[in-house]
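Please brief me on the model shown below. Keep it short and grouped by topic.

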Amino acid sequence: MSKNLGELSGRKGLRDNLFEELGMAAAPTGTVVKGDIEKLAEEFKIGTANVYGTATFYDFLRPENKGKKVYVCNGSSCLTAGTQDVVKQKLGSHFQQEEIGEMCCLGRCHENSSFNMNGINYSGDAINDMEAVIKDKKVIADKYHVGNYGTQILTGAFPGVEEWYAPMKSILGRTKEDLLNELKISGLRGRGGAGFPIAFKLESCKNTVGNQKYIVCNADEGDPGAYSDRYLLEQQPHLVLLGMMIAGYIIGADMGVLYIRAEYPEAIEITQKAIDEIRAKHFLGNSIFDTDFNFDFKIIRAQGAYICGEETALLSSIEGQRPEVRVRPPYPTQQGLFNKPTVVNNVETLACIPYIINNTGAKFASIGKGRSTGTKLVSLDSFFNKPGIYEVDMGTPLSYVFNTLGGGLKSPVKAMHIGGPLGGLVPANFIEELSVDYETFSQKGFLLGHASVVCIPEEYPIMNYIQHLFHFTAHESCGKCFPCRLGSTRGYELISKSLNSDYKIDRDLFNDLINTMEIGSLCALGGGLPLPIKNALTYFDKEMNVYFE
Ligand SMILES: Cc1cc2nc3c(=O)[nH]c(=O)nc-3n(C[C@H](O)[C@H](O)[C@H](O)COP(=O)(O)O)c2cc1C
Ligand code: SF4
């Protein structure tokens with residue numbers, strides 16, 4: 001069924017896109033009204049039920065979003081920093097309760113107190129200056145540290161558009177095989193979480209026959225605590241764009257799609273400006289540098305759904321379908337966007353490509369440790385004295401990143417949630433044993449993921465944090481498979497009951513629940529949640545045991 005819908009939606013494709021139309025239809029009121037659903041269903045020749053299914057899935061399209069004027073960040077970092085209640089209370093002096101919604105997460109984890117108003121993000125002290133924010137529509141730019149240790153691949157000074165795109169002329173003179181080989185030698189692995197080598201995907205897509213192919217940049221950075229993709233899109237957008245162009249050339253794609261989350265309005269605006277700038281200079285379009293290479297970009301603004309970061313859900317989302325995770329095979333490289341061969345990669349992965357092609361794969365492979373080559377961006381939250389984005393050679397001791405680059409902690413923390421909601425819950429005394437690479441993390445039973453760090457202070461109860469993770473998963477579950485759909489809700493109920501009454505959770509039942517989620521879930525949302533829960537049960541057993549019989 002979804003294959004047919006992909007085909008139907010693909011008739012208008014990116015030019016006249018159903019998902020974008022839904023976003024525009026919701027703009028005036030915050031939700032898509034019945035009449036618009038019927039109109040769009042008719043226009044795209046897709047069932048009304050299908051369009052309704054899509055419209056009611058997303059935080060910013062569904063009926064509950066109607067009339068919302070301001071959104072408070074409910075991400076993990078603002079939660080453990082304890083700023084959400086204060087922000088809500090202060091906004092309550094200016095807005096009706098029903099006008100205040102929630103967003104997850106705004107990527108302002110370096111200073112918290114984050115909220116979104118009129119499509120603009122605010123954080124830090126802005127909440128204390130609401131008169132100016134409301135009356136003068138004052139935009140208060142956020143500031144965070146950007147630093148590095150080792151090679152600067154992603155955080156160096158940008159040389160300017162002309163100089164940056166100049167090598168493209170000679171790159172287009174090289175064979176696709178030659179460029180692919182550099183990427184193979186580089187050992188570049190996906191930075192979005194799974195660490196899958198990019199060259200395999202590009203090769204598979206290159207070898208798939210198709211007259212239309214796509215490069216999709218996954219800029220849905222939904223992991224609360226992560227803002228490194230935001231940094232790249234806002235401060236280094238041309239690294240990502242050139243990376244997509246080179247990847248597009250290798251596989252034979254003439255279109256790059258950037259799926260950017262609505263929670264990052266500045267990233268959308270800045271990236272669009274960067275695209276317009278290079279289009280004006282004829283680095284985009286037809287016959288680029290007088291070759292037969294044609295390429296252009298399209299930004300798709302997401303509408304608030306964590307699962308759209310999962311690559312197959314993301315593709316369904318662009319197609320205007322309900323973003324349910326797809327069963328693989330077929331893989332996107334064989335049957336992706338609108339059923340066409342597609343490569344989906346993370347922002348940071350794509351941003352590494354120009355360095356590799358300009359400096360050789362061997363040079364990139366010489367940086368890092370073992371199979372973790374190159375550098376990694378790490379996002380540090382507001383518990384650090386110098387919160388920010390740090391680029392470090394893979395293999396850099398985590399303690400160096402925290403203590404030297406991040407300047408150490410402002411106050412004691414007992415654990416760090418690293419790599420997003422599905423990453424491991426790392427007790428503070430494990431930090432000395434870890435370095436920024438995939439291998440040490442997995443050897444110790446954790447996950448590097450996208451390398452975001454959310455601190456959990458001494459006084460914050462771990463059980464409440466686990467409740468938050470179950471709640472997050474229950475809210476974000478796409479509903480396709482029952483271990484995640486039901487398991488996340490049951491887990492949330494059990495934990496809430498034990499927190500709010502004398503109820504003790506049956507440990508066997510609970511173990512059964514998380515094992516079923518881990519083994520039986522279709523994707524890493526339901527399958528990954530048990531990792532931090534198991535870490536909590538192991539390392540914070542004294543705190544946790546109180547709630548179990
Ligand atoms: C629940 C879930 C959420 C995800 N969110 C993101 C995300 O926000 N950004 C991202 O790049 N990858 C995310 N991924 C991973 C993607 O499915 C995919 O592996 C990635 O985009 C591939 O790019 P990479 O190889 O460059 O990392 C997510 C996966 C799952 C299961
Ligand atoms: S694990 Fe959850 S999010 Fe993933 S496919 Fe199953 S229901 Fe959907």
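**Charges over rings**

R507 lies over the face of F548, 5.3 Å from the ring centre. For a charge to count as sitting over a ring, NZ of Lys or CZ of Arg must be within 6 Å of the ring centre and within 35 degrees of the ring normal. R261 is placed in this way too: its charged end sits over the ring of Y264, 4.7 Å from the centre.

This is a predicted model, in which local features need pLDDT of at least 70, side-chain atom pairs count only at pLDDT 80 or more, and totals for chains, interfaces and linings use all residues. Residues are numbered from 1 along each chain as its sequence is written, chains are lettered from A and ligands numbered from 1 in the order in which they are written, and side-chain values use heavy atoms, with hydrogens and water left out.

**Domains**

- The protein is divided into domain 1 (2-65), domain 2 (70-143), domain 3 (146-368), domain 4 (376-457) and domain 5 (462-545).
- These bounds come from an automatic or database domain assignment.
- Taken over C-alpha atoms, the centres of domain 1 and domain 2 are 29 Å apart.

**Aromatic pairs**

- Rings of Phe, Tyr and Trp (its six-membered ring) pair if their centres lie within 6.5 Å; planes under 30 degrees apart count as stacked, over 60 as edge-to-face and the rest as tilted.
- By this rule there are 24 aromatic pairs.
- F384 and F402 form a tilted pair, with 5.0 Å centre to centre and 55 degrees between the planes.
- This pair links distant parts of the chain, 18 residues apart: F384 is in the loop between β12 (375-380) and β13 (388-393), and F402 is in helix α18 (residues 398-405).
- Helices (H or I, at least four residues) and strands (E, at least two) are DSSP runs, numbered from the N terminus.
- Both F384 and F402 are buried, where buried means under 20% relative accessible area, exposed over 50% and partly exposed in between (1.4 Å probe, protein chains only).
- F19, F57, Y58 and Y259 are linked into a cluster by ring pairs.

- Six of the six residues of β13 are buried, so the strand is largely enclosed by the rest of the structure.
- Strands pair if DSSP finds at least two bridges between them.
- β13 runs parallel to strand β5 (residues 145-149), and five bridges join them.
- G147 has Y390 as its bridge partner in β13.
- β12 and β13 pair in the antiparallel sense over six bridges.
- T375 has D393 as its bridge partner in β13.

**Strand β14 and its partners**

- Strand β14 (residues 413-418) is largely enclosed by the rest of the structure, because six of its six residues are buried.
- Five bridges join β14 to strand β16 (residues 452-457), and the two run antiparallel.
- β14 and β15 also run antiparallel, joined by three bridges.
- H417 has V454 as its bridge partner in β16 and L425 as its bridge partner in β15.
- β14 and β15 form a hairpin with six residues between them, and G419 in the turn has a positive phi of about 90 degrees.
- P427 lies in strand β15 (residues 425-427) and counts as buried at 6% relative accessibility.
- P427 and M416 are 11 residues apart in sequence and 6.4 Å apart in space, C-alpha to C-alpha.

**Around ligand 2**

- Of the 13 residues around ligand 2, C478, K480, C481, C484 and C523 come nearest; a residue is near if one of its heavy atoms lies within 4 Å.
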